[in-house]
Amino acid sequence: MFNFFKWVFLLVCSLVILETEALYVNITFVRNAVAKGAVCLDGSPPAYHLDRGFGTGINSWLIQLEGGGWCNNVTNCVSRMHTRLGSSKRMVEKLAFSAILSNKRQYNPDFYNWNRVKVRYCDGSSFTGDVQAVNPATNLHFRGARVWLAVMQELLAKGMINAENAVLSGCSAGGLATLMHCDSFRALLPMGAKVKCLSDAGFFLNTRDVAGAQYIKSYFNDVVTLHGSAKNLPRSCTSRLTPAMCFFPQYVARQIRTPLFILNAAYDSWQIKNILAPRAADPYGKWQSCQLDIKNCQPNQLKVMQDFRLEFLRAVIGLGRSSSRGMFIDSCYTHCQTETQTSWFWQDSPILNRTTIAKAVGDWVYDRTLFQKIDCPYPCNPTCHHKVFTPQDAPPI
């Protein structure tokens with residue numbers, strides 16, 4: 001009991017330290033974006049937060065694309081346009097930078113002094129949509145691809161054109177956007193720059209749900225169709241497969257020429273809740289307790305999740321071997337690990353092969369060591385931070 005209270009005390013102290021040392025970065029709205037039609041769902045200008053680099057990092061850039069799911073029909077896009085994920089009018093003026101965006105060496109040893117950018121997500125298509133027409137009844141704008149280009153052009157003008165090192169990263173829908181735009185990001189930067197991409201929790205799997213339906217495939221097809229994304233997806237994929245299939249990383253990543261690092265939980269909590277056992281496939285809520293806390297899962301549910309892991313690993317391994325592709329696939333029940341300090345770099349961060357995520361990514365970016373590791377099955381890794389959710393944390397996509 002004493003050890004438990006001591007652990008709680010240390011945790012509280014750590015969080016207090018993090019809070020007091022947090023860096024808050026002002027929002028910047030993209031100039032002339034509205035004139036270009038590069039706008040959020042509601043027609044407001046896109047935005048980002050930039051903290052300038054210093055010292056040896058003055059010509060190095062880390063771009064972090066915000067996540068937040070997608071909208072696949074007019075009804076949920078209209079709902080979304082009244083939130084920060086559809087309107088820059090709803091975004092906070094100051095955003096806390098921590099973990100991979102921290103400016104403190106002790107929290108972010110390899111990127112603390114880089115130019116660090118958080119690109120806000122307000123289009124609902126992982127920055128891929130582009131429909132010219134705007135329905136006057138809804139005022140919905142599907143312009144994610146234009147938003148991407150407008151933000152990149154402004155950052156280039158603010159110094160990224162002189163980048164010596166650049167990393168495009170993102171979590172969840174931002175991790176998917178990183179994969180979709182990885183090679184085009186490389187093409188924007190000077191020839192001599194070292195450019196790499198880091199996808200965190202963005203490897204969404206094309207699989208059947210627990211009811212046997214292809215729920216996520218149908219959902220992604222609706223997203224791509226509504227947003228007019230087809231023309232902005234990698235041509236190396238759309239020349240072979242339907243646009244909806246090219247929203248899945250397993251069919252896109254193999255053709256990415258830029259060095260890529262895939263960071264993902266094999267038991268990605270978002271995918272378990274929304275792809276493997278979405279509400280439509282679980283009408284009686286048999287999976288709800290398991291989804292909220294993996295320790296509550298019944299043996300038959302764990303078997304389904306172990307099978308999901310194996311299918312996920314086959315998709316990742318199926319990309320083929322590459323001397324430039326990093327990989328950190330842990331067995332934690334979580335989602336997004338670069339944006340939380342405790343999972344990115346902390347005293348008790350998850351480790352794989354005696355290596356933290358921050359060290360694995362940093363070693364790969366700086367060409368110190370190529371990290372390509374896959375964890376053993378749950379519950380083998382005692383360093384995992386398994387997410388425990390409350391019912392309201394698990395909305396449908």
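Predicted model: local features only at pLDDT ≥ 70, side-chain atom pairs only at ≥ 80, totals over all residues.
Strands of a sheet pair through backbone hydrogen bonds, either parallel or antiparallel. Here ten strands form an open sheet with mixed pairing, and their order is β4-β1-β2-β5-β3-β6-β7-β8-β9-β12. Two of these strands, β4 (94–97) and β12 (372–374), are the edge strands, each pairing on one side only. On average, neighbouring strands of this sheet are turned by 20° against each other, direction ignored.

Strand β8, residues 260–265, pairs with strand β9, residues 326–330, in the parallel sense over five bridges. Within this region, Asn264 stands opposite Ile329 in β9.

Helices also meet the sheet. Helix α4 (residues 144–157) lies across β1 (23–29), β2 (47–51), β3 (60–65), β5 (115–119) and β6 (165–171), and it runs at about 160° to β3. Helix α5, formed by residues 173–188, packs on the sheet as well, where it touches β3, β6, β7 (194–200) and β8. The direction of α5 makes about 155° with that of β6.

Finally, the reader may turn to Gly67, which lies in the loop between β3 and α3 (74–80). Is this residue, Gly67, buried or exposed? Gly67 has a relative accessible area of 15%; because this value is under 20%, the residue counts as buried. Leaving aside residues up to four places away in sequence, Gly67 touches Leu85, Tyr121, Cys171, Ala173 and Gly174. Gly67 and Gly174 are 107 residues apart along the chain, yet their C-alpha atoms are separated by 4.3 Å.

Terms used. Residues numbered from 1 in each chain as written. Heavy atoms only, no water. Pairing = 2+ DSSP bridges. Helix = DSSP H or I, 4+ residues; strand = E, 2+ residues; numbered from the N terminus. Axes fitted to C-alpha atoms, helices over the stretch in contact; angles between N-to-C directions. Contact = heavy atoms within 4.5 Å. Buried < 20%, exposed > 50% of the residue type's maximum accessible area, 1.4 Å probe, protein only.
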